[in-house]
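Please read them alongside the sequence and the coordinates.

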Amino acid sequence: MSTPQTLAEPGREALIAAVCAAPKAELHVHIEGTLEPELAFALARRNGVALRWPSSEALRAAYAFDSLQSFLDLYYAGCDVLRTEQDFFDLAWAYFQRAAADHVVRAEVFFDPQSHTARGIGFDVFMPGLLRAARRAQDELGMRADYILCVLRHLSEDDGLATLEAASPWREHIIGLGLDSSERGNPPQKFARLYAQARAQGLRLVAHAGEEGPAASVRDALDLLGAERIDHGVHAADDPALVRRLAAEGVALTVCPLSNVKLRVFPDMAAHNLPALLHAGVKVMVNSDDPAYFGGYVNANYRALLAAHPALDSADAYRLLRNSLEASFAPAGPVAAWAARLDAHWQAQGLPLPPTA
Ligand code: HPA
Ligand SMILES: [Zn+2]
């Protein structure tokens, strides 16, 4: 239990530096979206795969998106270089090292099995590589990482059900089910049976909703799918009653600021509604989504957000970090230990510690 303090607000740069060095959880990152152009070219060479671009610079230059779909087209094309167990290990290990440099102590990482099984790359190829990287992250970086299986919503529910079935030998290594890809035309109700099955298996449930879709799809993800956490969810702000419900029920939104600006969900960072959601009492935090494509890993997201929103003070920054830990699916013991580390870090920086719940 902490007591409110009357320390002065730090300068902006000092606050941003403190946030970057703070222990944090990342709860919304797609492992396929961490494929940097340089690694894509290295894997393409290793596997004898031709890419449409002459160089990693040319590929990076192609990262100008005007919608979710324009990004997804490139993202799925990039997956084609991922062929072997070692490729998936290299991909995930590179992410874990970058995340550790950003002081991520807990990562809940999405993977898209259907973008691999559709190319003839099975669970027996990608799961061992992903799991070996997570074990190494635990052993060498002290990071606790788990995987969330995401179903592609532009495909049929039967395809999703078959994917869940194919994952059953790996069930103990998967903590949750998520839903990603094109939101428009693929509402939550399309996947009600899939979520019921996943819930019966004891999987934790999350879903992308309210990224490009309306507030109603956030409500439907909660009511029809039983989602415990909403990925993005920023369009919930269009419905004040829903915002009040999210705050009252403590539903977390895993917000991804750079992604939202890159995919034109908001015209610029200053227009992002994360501060409004936070101040309305919604459990939001900051995540990177697809950092290789959107201009930065989790700390770059915190930095861009705090730089564009001077109204976010040190209590708000603390709350974002604390939310990331509390909204994770890690056991209570580690969460409490990370929260204590956050408090110690905050105080060591001379920052005022807000009263905790
Ligand atoms: O932000 C996203 N939204 C939907 N699908 C995705 N697949 C990777 N990233 C995303
Ligand atoms: Zn996402």
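1. A convention on burial comes first: a residue is called buried if 20 or more other C-beta atoms lie within 10 Å of its own, exposed if 12 or fewer, and partly exposed in between, with C-beta atoms placed from the backbone. The model is predicted, so that local features need pLDDT of at least 70 and side-chain atom pairs count only at pLDDT 80 or more, while totals for chains, interfaces and linings use all residues. Residues are numbered from 1 along each chain as its sequence is written, and chains are lettered from A and ligands numbered from 1 in the order in which they are written.

2. The UniProt record, an unreviewed entry, annotates residues 23-333 as "domain: Adenosine deaminase"; UniProt positions are given in the numbering used here, feature names are shortened, and annotations may be inferred rather than shown by experiment. Helices (H or I, at least four residues) and strands (E, at least two) are DSSP runs, numbered from the N terminus.

3. The shell of ligand 1 consists of His30, Gly33, Leu68, Tyr75, Asp180, Ser181, His208, Glu211, Ser259, Asp289 and Asp290, where a residue is taken as near a molecule if its C-beta atom, placed from the backbone, lies within 6 Å of it. By class this shell has two nonpolar, five polar and four charged residues, with Ala, Val, Leu, Ile, Met, Phe, Trp, Tyr, Cys and Pro counted as nonpolar, Asp, Glu, Lys and Arg as charged, and the others, Gly among them, as polar.

4. The unreviewed UniProt entry gives "active site" at Glu211, which sits in the loop between strand E5 (204-209) and helix H10 (215-223). Glu211 counts as buried because it has 24 C-beta neighbours inside 10 Å.

5. The feature "binding site" is placed by the unreviewed UniProt entry at His28, His30, His208 and Asp289. Although these positions are spread over 262 residues of sequence, they cluster in space, the largest C-alpha distance being 11.8 Å. His30 belongs to strand E1 (residues 24-30), and its 26 C-beta neighbours inside 10 Å are why it counts as buried.

6. Asp289 has a phi near 65°, a positive value in a residue other than glycine, and lies in the loop between strand E8 (283-286) and helix H14 (291-294). Asp289 has 30 C-beta neighbours inside 10 Å and therefore counts as buried. His232, in strand E6 (residues 229-232), likewise has a positive phi, near 75°, in a residue other than glycine; His232 is buried because 28 other C-beta atoms lie within 10 Å.

7. Two helix pairs deserve a look. Helix H5 (residues 85-101) packs against helix H7 (residues 123-141) at an angle of about 30°, with axes 7 Å apart, where axes are lines fitted to C-alpha atoms, for helices over the stretch in contact, and angles run from 0 to 180 degrees between N-to-C directions. H5 and H7 are therefore roughly parallel, since angles under 35 degrees count as roughly parallel, over 145 as roughly antiparallel, 65 to 115 as roughly perpendicular and the rest as oblique. The axes of helix H16 (residues 314-326) and helix H17 (residues 332-348) come within 9 Å and cross at roughly 165°, which means that H16 is roughly antiparallel to H17.
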